[in-house]
Amino acid sequence: MERDITIIPDNTLHNSENKSFKNIKTFKKACEVLDINYNDVNSVIEDIIKFSNSKSAAAMFKLSIIRRALNLGQDLPFTKNSKNPCIYYPYNPCVNKNSTLYKGQLNSGKMEIIGKIKVGKTECNILGDGTTCCYANLGFYGTHDELLGCASKEIAEHFSKYFGMTITEAKYSNLEDFKIITNYYKN
C-alpha cells in the first residue's frame, strides 16, 4: 500500500497570543510553549554536563528547544510550497571590548551589546539583533549557527537578542577560562 502524505504546519498554534515567538524570552517560556516540563529538562541538562563534561553540549540542547518553540507553526523554506525561500539564522558576533567593528550598527541601534564574556585575560562584547540568511535551495550559508534556522528574519533577530548569550555559551564555553561576565537578558 502506498501513501501520499503532506504535512501542513498548524499556524494557529504560533499565532495564538500566548505562543507567539515575541513572548518567548526565556528558556522556561520556550519549554512551556512546547509543553515540556522545565524541571525535567533542567535535570537532563545537568546530566549532559555531568556525562559529557561539556557546557557547550548542554547549551546546544537548550538552543534546540528554543529554536523549536520560536518556529512553532511556521513554514520553513524546505517545506512543500514555501512562500519564503530564505532560512534566517541568528548572528551574534563576539568582538574585543575595545573594537570599533560594528560601531555603525551599534550607534544606529541595528545591533546592541547583549552581554560580555572573558576568555583568559581577553574581554569581549557579544552583539545581538543580527541575522544572516541563505536560500534553502542553495544549501547552508556555513555559519556556526546554521543549526538554528528560523522561518523569518524577525524570529532570527529575536533569537539573537534574547538567546545570544546561550548561543555564545554553545560556541565558546568549553574554552579554558571562559566566563560570562554579563548577560543583559538573563534568560
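**Entry 1: helix H4**

I began with H4 and listed its buried residues: Ser-56, Ala-58, Ala-59, Lys-62, Leu-63, Ile-65, Ile-66, Ala-69 and Leu-70. Buried here means under 20% relative accessible area, exposed means over 50%, and partly exposed lies in between, with a 1.4 Å probe and protein chains only. Helices (H or I, at least four residues) and strands (E, at least two) are DSSP runs, numbered from the N terminus.

I note for the files that this is a predicted model, in which local features need pLDDT of at least 70 and side-chain atom pairs count only at pLDDT 80 or more, while totals for chains, interfaces and linings use all residues. Residues are numbered from 1 along each chain as its sequence is written, and side-chain values use heavy atoms, with hydrogens and water left out.

An α-helix has 3.6 residues a turn, so residues three or four places apart point the same way. I kept that in mind when reading the list of buried positions in H4, which includes Lys-62 and Ile-66.

H4 covers residues 55-70, and I checked its length: 16 residues reach 22 Å from first C-alpha to last, close to the 22 Å expected at 1.5 Å a residue. The expected span is 1.5 Å times one less than the number of residues. At the N-terminal end of H4 I found a cap from Ser-54, with a side-chain oxygen 3.4 Å from the backbone nitrogen of Ser-56. A polar contact is a pair of N or O atoms within 3.5 Å; within protein, one must be able to donate a hydrogen and the other to accept it, and residues adjacent in sequence count only if both atoms are side-chain atoms.

I did the same for H3, where 15 residues at 1.5 Å a residue should span 21 Å, and the end C-alpha atoms are 21 Å apart, which agrees. At the start of H3, a side-chain oxygen of Asn-37 comes within 2.9 Å of the backbone nitrogen of Asn-39. Just after H3, Asn-53 has a positive phi of about 55°.

Asp-35 sits in the loop between H2 and H3. Its phi is near 55°, positive in a residue other than glycine, and Asp-35 counts as exposed at 65% relative accessibility.

I also looked at Leu-72, in the loop between H4 and E1. Leu-72 is buried at 18% relative accessible area. Its C-alpha lies 8.4 Å from that of Leu-34, 38 residues away along the chain.

**Entry 2: the sheet**

Which order do the four strands of the open sheet take? I read it as E2-E4-E3-E6, with antiparallel pairing. Strands E2 (94-96) and E6 (178-183) are at the edges with a single partner each, so one side of each has no neighbour in the sheet. Neighbouring strands are turned by 35° against each other on average, direction ignored. Two strands pair if DSSP finds at least two bridges between them.

E3 (residues 112-119) pairs with E6 over five bridges, and I found Lys-116 opposite Thr-182 in E6. E3 pairs with E4 over seven bridges, and Gly-115 stands opposite Ile-126 in E4. The hairpin of E3 and E4 has two residues between the strands, and there Gly-120 takes a positive phi near 65°.

I then checked H6 (residues 153-172), which lies across E2, E3, E4 (122-128) and E6 at about 20° to E3. Axes are lines fitted to C-alpha atoms, for helices over the stretch in contact, and angles run from 0 to 180 degrees between N-to-C directions. Contact means heavy atoms within 4.5 Å. In the loop between H6 and E6 I found Asp-177, which has a positive phi of about 70° although it is not a glycine.

**Entry 3: cores and chain**

The largest nonpolar core has 30 residues, and those with the most contacts inside it are Ile-24, Phe-27, Leu-63, Ile-66, Leu-70, Phe-159 and Phe-163. The elements giving this core two or more residues are H2 (27-33), H3 (38-52), H4, E1 (86-91) and H6. I also found a second, separate core of six residues, including Ile-114, Cys-124, Ile-126 and Met-165. A nonpolar core is a set of buried Ala, Val, Leu, Ile, Met, Phe, Trp, Tyr and Cys residues joined through side-chain atoms within 4.5 Å.

Last, I noted the chain totals: six helices and six strands, with 40% of the 187 residues buried.
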